[in-house]
Amino acid sequence: MEWFGALVAVVVVLVIGVIVFVAARRRPGADLVGGALAERARYGAGPAGGRGAGVVAGPEGIEGLDRLDATDRALVAEILELLGRNRKIQAIKVLRTRRPMGLAEAKQVVEQIGAGRLPAHWPGQPPRLPEVADRSVVDRATDLKRQGRLIDAVKLVRVETGLSLREAKEMVDVL
């Protein structure tokens, strides 16, 4: 019977431990994530680095919104609404379902929208030609592209304009 007393004591200790664990989990701020979320709500830190929770600028206040069509404006409004509810991951998912892009690029676009501006190149739209002082560069690059000398066209644009390789390639692709 001595072992029975020890078994009851172990069961009682386990039950008390489970009760304490469950009670601690239900208390706000008891764990690291809950504590961080509670502190964030208390001090009003929202999704866009310091804005209040649920306070994200409407689509009207975003720079460059006028260059988007109605569908893209609705997408920006939906992303802002999700950011206002602290749903950044869901906003990234929505963007990736509507525009084919990688995770890192989608995260960057959502963060820029949350900060009140659009990226220089909106996903799904062709990049805009940079302003080039010498139009002959554009004409010569266009001629090289028509001849099938794409690499030479990119090199020409890089040398003449000082653009990066990516920017020069995007420019030649648009020509």
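1. Basis. Residues are numbered from 1 along each chain as its sequence is written, and side-chain values use heavy atoms, with hydrogens and water left out. As the model is predicted, local features need pLDDT of at least 70 and side-chain atom pairs count only at pLDDT 80 or more, while totals for chains, interfaces and linings use all residues.

2. Overall make-up. The chain has eight helices and zero strands (DSSP runs, H or I of at least four residues for helices and E of at least two for strands, numbered from the N terminus). Of its 175 residues, 26% are buried (under 20% relative accessible area; exposed is over 50%, partly exposed in between; 1.4 Å probe, protein chains only).

3. Contacts. Among contacts (heavy atoms within 4.5 Å) between residues at least 6 apart in sequence, 43% join residues at least 24 apart.

4. Helix α1. Val 12 lies in helix α1, residues 2-26. Val 12 counts as partly exposed because its relative accessibility is 44%. Val 12 also belongs to a nonpolar surface patch of about 950 Å², whose other members include Trp 3, Phe 4 and Val 20. Such patches take residues with over 30% relative accessible area and no salt bridge, with nonpolar side chains (Val, Leu, Ile, Met, Phe, Trp, Tyr) joined within 5 Å and like charges within 9 Å. A salt bridge is a side-chain nitrogen of Lys or Arg within 4 Å of a carboxyl oxygen of Asp or Glu.

5. Helix α8. In α8 (residues 165-174), the buried residues are Ala 168, Met 171 and Val 172. They lie on the same side of α8, because they cover an arc of only 95° around the axis (directions from the helix axis to the C-beta atoms). Their cover includes α6 (135-146) and α7 (150-161).

Terms used: Areas by Shrake-Rupley, 256 points an atom, 1.4 Å probe, with all protein chains shown as cover.
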